[in-house]
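Hi,

Here is the structure I promised to pass on.

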Amino acid sequence: MRVTEAAIEPIDSTFTWRDRLLWWRVRWGIGRMSFAVTPGLYALNDPTPESDVFVTANYRMSVDHLRRALVGRKAWILVLDTKGINVWCAAGKGSFGTDELVKRIVETGLARQVSHTKLILPQLGGVGVDAGEVGNLTGFMVRYGPVRAADLSAYIDAGYKATDDMRRVRFDLADRAALVPVEIVNAGKFIVPAMAILFVLSGVSLSGFSVATMLSQGVAAVLALGLAWLAGTVAGPLLLPWLPGRMLSLKGAMAALALIGLFSLRVLPGLTGALDLAAFWLVVPAIASFIMMNFTGATPYTSPSGVRLEMRRSVPLQAICAVAALLLWLAQRVVEVV
Amino acid sequence: MIRYLDNVTTLELDVAKCVGCTRCTQVCPHGVLNMVGKQVEIIDRDACMECGACQQNCPTDALTVDSGVGCAIAMIVGSLRGTEPTCECRGGTCC
C-alpha cells in the first residue's frame, strides 16, 4: 500500500518464532542495537481515516508490544526515529520527543491520512514530549495512553480512559527477571577478565610462579568473583523487594552474604587460610554491591538524586572492602611461604 | 512499588501557577501527583523518580524537577570525563 508523500507499510499483530528469537537475542544483548524498525507510518488491519493513531519508538520490542496489543483493531502506527531505543529511555534522551514527533507527523503526511486530530502516545513518552507544544505546532492533540501496551484494549474500550493502575510503572518479578540476562552480560564484561587475572595471579607466590599453586588456589578466586556475579546480577534483581535496605548497593551486599551462607564455604576448594577467608567475605559483598548499585540504571523507580546520595555513601565502602580483601589475599600468599 | 530513598527528590510544586490541566497526573508513573479540586498536589513525594515528565508537560512551569540519567555507571563515567552523566556508557546498551 503506497501513497503519495510517504510510504505506508502494512503491519500485523502476529508474533512468529522469528520474533521470539529476536526478543531472546535482545534480552541477552546480542547485537541488540540492530533491532531498529524503519521510522514512518504503518497501517494495521487496513485502517480508515477515522482509525486511531498510536505513536511508538522504533525499538523492535516497542513496535512488537504495540502491534500485539492491537489484535483485530484497525490502527495507524506512527514510528518515531529513536535510534532503536525504547520509548522511556529515548524520551529521557529527547529522541522520543516533541521535535521528532512534529517532524514525523509532517513527513508522513499524517494529516492527509486521518480525519481527526488525536494521537495516542505511550504514557512514558511524556518524559520527552510536551503535549501542549505538539498541539500548538501541528494541531494534533496528544492523549497519553497507559504505561503498558497490554492495557491498550482496556483503555480504548473504557473510552480512552486509563485507570490509576494503568498509569503506574510496575517492577514485578517477571519484569526484573527479563533484565537478568543483560545484567549478566554487562557485568561479565569486567568480571570475566578479572577472573582470568586473579586465576593467573593465584599461582604467584614469593617462591615464584607455579602452575600447581595456580590450579589449587585459583579456583577459589574465580568462585569468589562468580558468586559476586551471581549475587549482583541474578539474586539481587530477583530478590529486590525482599532484600533489606533501600539502597541497591546495600541490597547487593545482602544478596552476596545470603549466597555465601547458602553455598557453605567448605565447598570452595583452595580456600583454606584465615586471611583468604576474610578476603572472601569482604570482596564478594563489595563487588555484588557495586554491580547492584549499577542496577539503578535499569530500575524504573530510582531517582538520580537518590543514586547520587547512594554512591557517596557506598562507593568508599566498596573500595575499602575491595582493597582490604586484595591485601589480605596477597598477605595469605606471603604467610604460606614464611 | 518498591520504595527508594526518602527526602532526596528535587521535585517542587508552585501551586499558585497551576492551571489544573491534569496533564502531570497523567504522565507521572508513580502516583506522586493528584488533583484536588482544580489544582494539583503532591501526595507521595518520596515515590518521585525525577523522570521529568510532569515538568515537560506542565504548561505553566508550576512543576520543576532536576531530572536526568539515574544510572550509577553513567554518573561515574560522567564525573571521570567531567561531562554530564550519559547513557552511552555501555556502548548504548544500558537501556
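Among the contacts in chain B between residues at least 6 apart in sequence, 42% join residues at least 24 apart. Before you go further, keep in mind that this is a predicted model.

Chain B has 95 residues, and 43% of them are buried. You'll find 3 helices and 4 strands in chain B, and along the sequence they come in the pattern β-α-β-β-α-β-α.

B:N7 is not a glycine, yet has a positive phi of about 55°. B:N7 sits in the segment before β1 (12-13) of chain B. Is B:N7 buried or exposed? B:N7 counts as exposed, because it has 9 C-beta neighbours inside 10 Å and the cut-off for exposed is 12 or fewer.

The other one is B:D61, again a residue other than glycine, with a positive phi near 55°. Look for B:D61 in the loop between α2 (53-57) and β4 (63-64) of chain B. B:D61 has 9 C-beta neighbours inside 10 Å, so it counts as exposed.

**Chain A: domains and sheet**

Chain A is split into domain 1, residues 8-167, and domain 2, residues 173-337. Taken over C-alpha atoms, the centres of domain 1 and domain 2 of chain A are 40 Å apart.

Now for the sheet. Chain A has an open sheet of 6 strands with mixed pairing, in the order β1-β2-β4-β3-β5-β6. Its edge strands, each pairing on one side only, are β1 (8-11) and β6 (141-144) of chain A. On average, neighbouring strands of this sheet are turned by 30° against each other, ignoring direction.

If you zoom in on β3 (residues 52-57) and β4 (residues 75-80) of chain A, you'll see them pair in the parallel sense over 6 bridges. As for A:F54, its bridge partner in β4(A) is A:I77. Helix α4 (residues 98-108) of chain A lies across β2 (40-44), β3 and β4 of chain A, and runs at about 125° to β4(A).

As background, nonpolar side chains tend to be buried together in soluble globular proteins. Here, the largest nonpolar core has 68 residues, and the members touching the most others are A:V55, A:I77, A:L78 and B:C54. Which strand gives the most to this core? That is β4(A), with 6 residues.

A:V55 is a handy place to start clicking around. Leaving aside neighbours within four places in sequence, A:V55 is in contact with A:L78, A:L80, A:L101, A:L119, A:I120, A:L121 and A:G125.

**Where the chains meet**

How many residues does each chain bring to the contact? Chain A brings 43 residues and chain B brings 37 residues. On the side of chain A that touches chain B, the elements giving two or more residues are α3 (87-93), α6 (131-138), α8 (164-167), α12 (274-294) and α13 (304-337) of chain A. The largest share of that side, 8 residues, comes from α13(A). Sorted by class, the side of chain A that touches chain B has 19 nonpolar, 15 polar and 9 charged residues.

Cheers

How values were computed:
Residues numbered from 1 in each chain as written. Chains lettered and ligands numbered in written order. Predicted model: local features only at pLDDT ≥ 70, side-chain atom pairs only at ≥ 80, totals over all residues. Domains from an automatic or database assignment. Contact = placed C-beta atoms within 7 Å. Nonpolar A, V, L, I, M, F, W, Y, C, P; charged D, E, K, R; others polar. Pairing = 2+ DSSP bridges. Axes fitted to C-alpha atoms, helices over the stretch in contact; angles between N-to-C directions. Buried ≥ 20, exposed ≤ 12 C-beta atoms within 10 Å, placed from the backbone. Core = buried A, V, L, I, M, F, W, Y, C linked by C-beta atoms within 7 Å.
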